[in-house]
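User: I want to learn how to read side-chain contacts in a model. Please take me through ring pairs, charges over rings and salt bridges.

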Amino acid sequence: LREHISNHVEDSNTLEVLNKMIDVVVHTLRTNIYMEDRYALGLRLNPRIMHPVDSDDRDLPFGVIFIHGRRFNGYHFRFRDISRRGMHLVTHPNLEQYALESEEHYDKCYGLAFAQQLKNKNIPDGGAKAVNLIDVSGLSNKGKDFAMRKSVKAFTDSILDLIVTTEETQKNIVDYFGKKELLYLGPDKQVSLFSFFVTYHKQ
């Protein structure tokens, strides 16, 4: 496929994007893409997808999850198998600011999780962070609140798709990882109002 793209695509930017899309597929360890009635697309990624081969493994996350849904994109980073920290919601009133934040989304989530990892260096739990970037441009205050609630629900539900081990769920999951995972999601900025839903839904 890469050879076909190289032979038929001339524009360098398009070539780079298409090859990166292939990289994402190759580095996807688990996904809910075939889950019926899923709230969002969930990908459990190989952390090396965005880290050079010669980079220091101490800076390499243990796990990276990407969730894409209506009006939002979310990342969850963790630096040990058992890690903890909250979910952070980011909203901007216009598309320009949203676009700028999107460019820094991956690095921001990584940085927050890594900072927590450094704080946790003397305890068993590693550092983690979830950052959910939500497009609320053009929405009223009521509409913004609705979009945020739906995004938290979809983000949480999609993560559950990737970690729940029931037969009903597993039969629709593509899994090249083959290991059980436990994730901790606590309340953080703008998410405290929705923590009841997250707690109830996880049960």
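User: Which residues form one aromatic cluster?

Analyst: The model is predicted, so keep that in mind throughout. The cluster is made of F66, Y75, F77, F79, Y106, Y110 and F114.

User: How many aromatic pairs does the structure hold?

Analyst: It holds eight aromatic pairs. Take Y75 and F77, whose ring centres are 6.0 Å apart with 45° between the planes.

User: What is the geometry of the Y75 and F77 pair called?

Analyst: Start from the plane angle: under 30 degrees is stacked, over 60 is edge-to-face, and the rest is tilted. The pair of Y75 and F77, at 45°, is tilted.

User: What kind of pair do F77 and Y106 form?

Analyst: F77 and Y106 pair edge-to-face. Their centres are 5.0 Å apart, and the planes make an angle of 80°.

User: Where do F77 and Y106 sit in the chain?

Analyst: F77 belongs to strand β4 (residues 72–78), while Y106 belongs to helix α3 (residues 95–119). They are 29 residues apart, and the pair links distant parts of the chain. Y106 counts as buried, with 10% relative accessibility.

User: Now charges over rings. Which ring does the charged end of R44 sit over?

Analyst: Look for a Lys or Arg charge within 6 Å of a ring centre and within 35 degrees of the ring normal. The charged end of R44 sits over the ring of F177, 4.3 Å from the ring centre. In another case, the charged end of R84 lies over the ring of Y184, at 4.6 Å from its centre.

User: How many salt bridges does the structure hold?

Analyst: There are 11 salt bridges. R84 takes part in one of them: its partner is D125, and the closest N and O atoms are 2.8 Å apart.

User: Why does the pair of D125 and R84 tie together separate parts?

Analyst: Check the sequence positions. D125 is in the loop between α3 and β7 (126–135), and R84 is in strand β5 (residues 83–84), so the bridge connects parts 41 residues apart in sequence. D125 is buried, with a relative accessible area of 19%. R84 is partly exposed, at 38%.

User: How many residues apart are R149 and D145?

Analyst: R149 and D145 are four residues apart in helix α4 (residues 141–163), about one helical turn. Their side chains form a salt bridge of 3.1 Å, N to O. R149 is partly exposed, at 38%. D145 is also partly exposed, with 30% relative accessibility.

Notes. Residues numbered from 1 in each chain as written. Predicted model: local features only at pLDDT ≥ 70, side-chain atom pairs only at ≥ 80, totals over all residues. Heavy atoms only, no water. Phe/Tyr/Trp six-rings, centres within 6.5 Å; stacked < 30°, edge-to-face > 60°. Helix = DSSP H or I, 4+ residues; strand = E, 2+ residues; numbered from the N terminus. Buried < 20%, exposed > 50% of the residue type's maximum accessible area, 1.4 Å probe, protein only. Salt bridge = Lys/Arg side-chain N within 4 Å of Asp/Glu carboxyl O.
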